Amino acid sequence: MYFAALLARTEDGWEASDTELDDVETLSDLTDLAREASVDEDTVLVFIEQEDAWFGVVRVDGEDDPRIFVSDATAAARSSYGEILLTDELLGREPGAEDTIAALEELVGLDGTEDGDPDNTPDNDTDTDTDDDDDDGIDADAVPAGPLGDTRILADLGLPEAELLMLRTDAMVEIADALGAAEVLETVR
């Protein structure tokens with residue numbers, strides 16, 4: 001079960017709204033959604049939480065690039081919403097690396113032969129390795145375990161890095177409490 005919400009900072013405090021992520025396919029879509037909720041290009045936080053598995057925070061400050069924190073990158077990689085947050089940049093890969101890998105796999109068949117070459121694999125192949133990659137997702141084995149991203153994402157808003165790294169379950173409640181936004185977040189939960 002997922003929970004997603006936006007917290008937009010205003011001169012009167014925080015305003016919360018729940019959000020649907022059905023039309024969000026990329027980090028750019030999510031950033032646009034956050035900017036639409038912004039008042040005077042002030043800070044907007046997007047929270048995504050999968051119950052007892054992981055949470056993510058995206059911070060958008062005006063036209064600046066979004067800042068991202070994910071509590072458990074391996075768990076997030078198994079989630080369609082988590083995949084949105086696990087960008088090439090966040091994972092330390094060259095942009096488009098997955099596209100290049102997919103193109104190479106297309107040139108060289110999954111059986112290891114080039115297109116047009118005969119398959120000389122014996123019929124009694126006992127190799128039991130399975131491909132754990134999602135066709136449309138991120139290879140969970142290639143994602144580092146544990147927290148990933150900007151650990152100081154909320155430090156200037158009242159949640160120090162050390163406290164953010166200790167959060168596990170009900171993280172959104174803890175974060176909202178530290179920001180002084182617990183009551184407004186509760187209205188959309």
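Predicted model: local features only at pLDDT ≥ 70, side-chain atom pairs only at ≥ 80, totals over all residues.

Student: How many helices and strands does the protein chain have?

Tutor: Eight helices and six strands. Along the sequence they follow the pattern β-β-α-β-β-β-α-α-α-α-β-α-α-α.

Student: In what order do the strands sit in the sheet?

Tutor: The order is β2-β1-β3-β4-β5-β6, in an open sheet with antiparallel pairing.

Student: Why are β2 and β6 called edge strands?

Tutor: Each of them pairs on one side only, and that is what makes β2 and β6 the edges.

Student: How do you know that β1 and β3 pair?

Tutor: Pairing takes at least two bridges between the strands. β1 and β3 have seven, in the antiparallel sense, so they count as paired. As an example, alanine 4 stands opposite isoleucine 48 in β3.

Student: How many bridges join β5 and β6?

Tutor: Two bridges, again antiparallel. The cut-off is at least two, so β5 and β6 qualify as a pair. Phenylalanine 69 has glycine 149 in β6 as its bridge partner.

Student: And what do β4 and β5 form?

Tutor: A hairpin, with five residues between the two strands. Four bridges join β4 to β5, which run antiparallel, and glycine 56 stands opposite valine 70 in β5. In the turn, glycine 62 has a positive phi of about 60°.

Student: Now the charged residues. What makes the pair of arginine 59 and aspartate 61 a salt bridge?

Tutor: The cut-off is a side-chain nitrogen of Lys or Arg within 4 Å of a carboxyl oxygen of Asp or Glu. In this pair the closest N and O atoms are 2.9 Å apart, so the pair passes. In general, side chains of opposite charge can pair when their charged atoms come close.

Student: Which other residue forms a salt bridge with arginine 59?

Tutor: Aspartate 156, with the closest N and O atoms 2.7 Å apart. This pair links distant parts of the chain: arginine 59 is in strand β4, while aspartate 156 is in the loop between β6 (148–149) and α6 (161–166), 97 residues apart.

Student: Are those two residues buried or exposed?

Tutor: Buried means under 20% relative accessible area and exposed means over 50%. Arginine 59 is at 4%, so it counts as buried. Aspartate 156 is at 54%, so aspartate 156 counts as exposed.

Student: What makes Arg59, Asp61 and Asp156 one network?

Tutor: Salt bridges that share partners join them. In total the structure holds four salt bridges.

Student: How many residues are in the largest nonpolar core?

Tutor: It has 28 residues, and those with the most contacts inside it include Leu30, Ile48, Val58 and Leu85. The largest share, four residues, comes from α2.

Student: Which residues does leucine 85 touch?

Tutor: Leaving out residues up to four places away in sequence, leucine 85 touches Leu30, Ile48, Trp54, Gly56, Val58, Ile68, Val70 and Leu90. Apart from that core lies another, of 23 residues, among them Trp14, Leu164, Ala171 and Val188.

Student: And what share of the protein chain is buried?

Tutor: Buried residues make up 39% of its 189 residues.

Note on methods: Residues numbered from 1 in each chain as written. Heavy atoms only, no water. Core = buried A, V, L, I, M, F, W, Y, C linked by side-chain atoms within 4.5 Å. Buried < 20%, exposed > 50% of the residue type's maximum accessible area, 1.4 Å probe, protein only. Contact = heavy atoms within 4.5 Å.
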